[in-house]
Amino acid sequence: MLSHIEYGSGSPVILIHGLLGSKINMAGAARSLGSNHHALAVDLRNHAESFHHNSMNYRILAADIGGFIDDSGIETVSLVGHSMGGKCAMQFALSFPDRVDMLVVVDIAPGEYTDTSWTRYLNA
């Protein structure tokens, strides 16, 4: 299961951080949403306190979110994804549209990014 923090009760909202981030990046928003919702901020695989594995792509990350949702006993959910978390949320919504109530994508577009300048940061 993905490491997570949660606040409040009500309709579930999962908040997904960006590349090299963690659930802590989404904690403020989760706390705020917790006044009216069951807000869960997760650490994606290979990030912070969640498990680490050699495989990682958007389909795998979306499947991890699906497993988290299933393990949490949630039927449908609203997703908030920032940057890489937004891509993960979009992939989940495309793969499992019947499980998504609302989708909020912050600071990323659905297109492919071909700029290789990130390679040196990731290699470091």
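This is a predicted model: local features need pLDDT of at least 70, side-chain atom pairs count only at pLDDT 80 or more; totals for chains, interfaces and linings use all residues.
Local features are given at pLDDT of at least 70 and side-chain atom pairs at pLDDT 80 or more, while totals for chains, interfaces and linings use all residues. Residues are numbered from 1 along each chain as its sequence is written, and side-chain values use heavy atoms, without hydrogens or water.

## Overall fold

The protein chain holds four helices and five strands. Both are DSSP runs numbered from the N terminus: helices are H or I with at least four residues, strands are E with at least two. Their order from the N terminus is β-β-α-β-α-β-α-β-α.

The C-alpha trace spans about 40 × 25 × 25 Å along its principal axes. The radius of gyration is 14 Å, which agrees with the value near 14 Å for a compact globule of 124 residues. That radius is taken over C-alpha atoms, and the globule rule is 2.2 Å times the number of residues to the power 0.38.

Of the 124 residues, 41% are buried. Buried means under 20% relative accessible area, exposed over 50%, and partly exposed in between, with a 1.4 Å probe and protein chains only. Contact means heavy atoms within 4.5 Å. Among contacts with a separation of 6 or more, 65% join residues 24 or more positions apart.

The side chains include 7 positive and 12 negative ones, and the centres of these two sets are 6 Å apart. Lys and Arg count as positive, Asp and Glu as negative; His and the chain ends are not counted. Each charge is placed at NZ of Lys, CZ of Arg, CG of Asp or CD of Glu.

The expected span is 1.5 Å times one less than the number of residues. Its buried residues are Leu61, Ala62, Asp64, Ile65, Gly66, Phe68 and Ile69. Their cover includes strand 1 (4-7), strand 2, strand 3 (37-42), strand 4 and helix 3.

Helix 3 (residues 84-95) has twelve residues and reaches 17 Å, close to the expected 16 Å. Ten of the twelve are buried, including Met84, Lys87, Cys88, Gln91 and Phe92. Helix 2 (58-71), strand 2 (11-16), strand 4 (77-82) and strand 5 (100-106) are among the elements that cover them.

Leucine 79 lies in strand 4. Its C-alpha is 6.3 Å from that of alanine 89, ten residues away in sequence. Beyond four places in sequence, leucine 79 is in contact with Ile14, Ile16, Ile65, Ala89, Phe92, Val100, Met102, Leu103 and Val104.

Serine 78 is also found in strand 4. Outside four places in sequence, serine 78 touches Pro12, Val13, Ile14, Asp101 and Met102.

Most residues other than glycine have a negative phi. Leucine 20, in the loop between strand 2 and helix 1 (27-33), has a positive phi of about 65 degrees. Serine 83, in the loop between strand 4 and helix 3, has a positive phi near 55 degrees.

The relative accessibilities of these residues are as follows.

| Residue | Relative accessibility | Class |
|---|---|---|
| Leucine 79 | 0% | buried |
| Serine 78 | 10% | buried |
| Serine 83 | 22% | partly exposed |
| Leucine 20 | 67% | exposed |
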